[in-house]
Amino acid sequence: MQPAAIQQADTPIVTARKLTKQFGSYRAVDGIDFDIAPGKCFGFLGPNGAGKTTTLRMAMGLTPVSSGELTIFGLAVQRHAAEIRARTGIIPQADNLDPDFSVEENLAVYASFFGLGGPEIDARIDTLLDFVALGERRKAKPDALSGGMQRRLTIARALINEPELVVLDEPTTGLDPQARHVIWGRLTELKSRGKTLLLTTHYMEEAERLCDELVIMDHGRILAQGSPRDLIEQHVETDVIEVRGEGDTLRELARQSGCRLEQMGNSLYCYTQNPAPLIEQLKDRHALRFVHRPAGLEDVFLRLTGRELRD
Ligand SMILES: Nc1ncnc2c1ncn2[C@@H]1O[C@H](COP(=O)(O)OP(=O)(O)OP(=O)(O)O)[C@@H](O)[C@H]1O
Ligand SMILES: [Mg+2]
């Protein structure tokens with residue numbers, strides 16, 4: 001942990017300025033700026049194709065930066081990829097465990113890529129397998145593990161070099177709620193040990209629980225940035241009333257509601273600071289069903305990126 005001790009407490013761990021990635025004529029990342037403070041969890045949210053993985057891959061030196069600046073630990077990624085990798089843990093979007101090796105061998109082989117081995121690393125493997133609750137499966141091959149176990153193994157593998165920065169591309173996609181909660185617990189523990197986390201996710205609950213700061217990206221650009229609470233306060237009203245019903249009744253309500261409205265098929269989303277009058281109206285309209293809830297990050301996300309499908 002020597003380098004972290006030298007790093008100034010308020011110096012960002014990651015800094016991007018006008019960061020751009022061009023694939024031929026297509027600009028996947030379009031001049032984005034962000035800073036990630038040490039010990040914080042920084043999240044990237046965005047629809048499919050927004051440019052999240054591409055940004056992470058540039059940070060890890062896995063794909064070249066087309067233009068702009070990207071520094072990690074104060075080092076430019078273009079010139080210091082190996083040093084940055086040695087101080088970073090990576091959990092890619094798709095698990096890429098070696099199917100021919102057992103759980104513990106996957107960790108040992110990965111350690112050897114960093115020139116790490118010997119009794120100290122054997123002990124670290126034991127500790128990491130306990131950390132991700134895989135001690136009893138240490139002799140199993142990855143194919144014999146569930147998706148959640150494979151994800152936990154990938155997380156353990158990313159920690160083998162005791163990284164200061166951990167980069168996670170959709171750490172819990174496709175996992176059941178139990179597995180997701182276990183991983184959230186582990187990531188929270190890493191943060192409490194002072195590690196900096198950089199993650200992407202499609203789960204708003206994950207972002208709200210883990211992230212100190214977030215950006216919402218679309219088409220390679222940052223649309224909004226802030227803490228989950230700030231984003232909700234700045235971009236949507238406090239309350240949402242979701243109303244379901246037939247077209248005519250819904251249209252009539254829409255005209256009278258006095259709310260900011262978003263419609264998807266037979267559902268009307270009424271955004272307001274003052275929900276009481278609409279709730280009063282709805283009590284007498286038995287043809288309509290409604291749910292009243294506080295606005296959340298998903299409402300911000302949908303407002304900024306739209307409700308149309310992305311492919
Ligand atoms: N190697 C590549 N060559 C050409 N285009 C690419 C390449 N990698 C990514 N892209 C394009 O760049 C855009 C951004 O992709 P990226 O994988 O960064 O999106 P993402 O935000 O991670 O999406 P998802 O949520 O689906 O993982 C997409 O349009 C994608 O098709
Ligand atoms: Mg991605």
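Q: How many bridges join strand E11 to E14?
A: In this predicted model, local features need pLDDT of at least 70, side-chain atom pairs count only at pLDDT 80 or more, and totals for chains, interfaces and linings use all residues. Residues are numbered from 1 along each chain as its sequence is written. Strands are DSSP runs (E, at least two residues; helices are H or I, at least four), numbered from the N terminus, and two strands pair if DSSP finds at least two bridges between them. E11 (residues 239-244) and E14 run antiparallel, and the bridges joining them number six.

Q: Which residue of E14 is the bridge partner of Asp239?
A: Strands of a sheet pair through backbone hydrogen bonds, either parallel or antiparallel. E11 and E14 are antiparallel. The partner of Asp239 in E14 is Pro294.

Q: Which strands stand at the edges of the sheet?
A: The open sheet has four strands in the order E12-E13-E11-E14, with antiparallel pairing. Two of them have a single partner strand each, so one side of each is left without a neighbour in the sheet. These are E12 (260-264) and E14 (289-294).

Q: Is Glu162 buried or partly exposed?
A: Glu162 is found in the loop between H6 and strand E7 (165-169), and has a positive phi of about 45° although it is not a glycine. A residue is buried if 20 or more other C-beta atoms, placed from the backbone, lie within 10 Å of its own, exposed if 12 or fewer, and partly exposed in between. Glu162 has 13 such atoms within 10 Å, so it is partly exposed.

Note on methods: Chains lettered and ligands numbered in written order.
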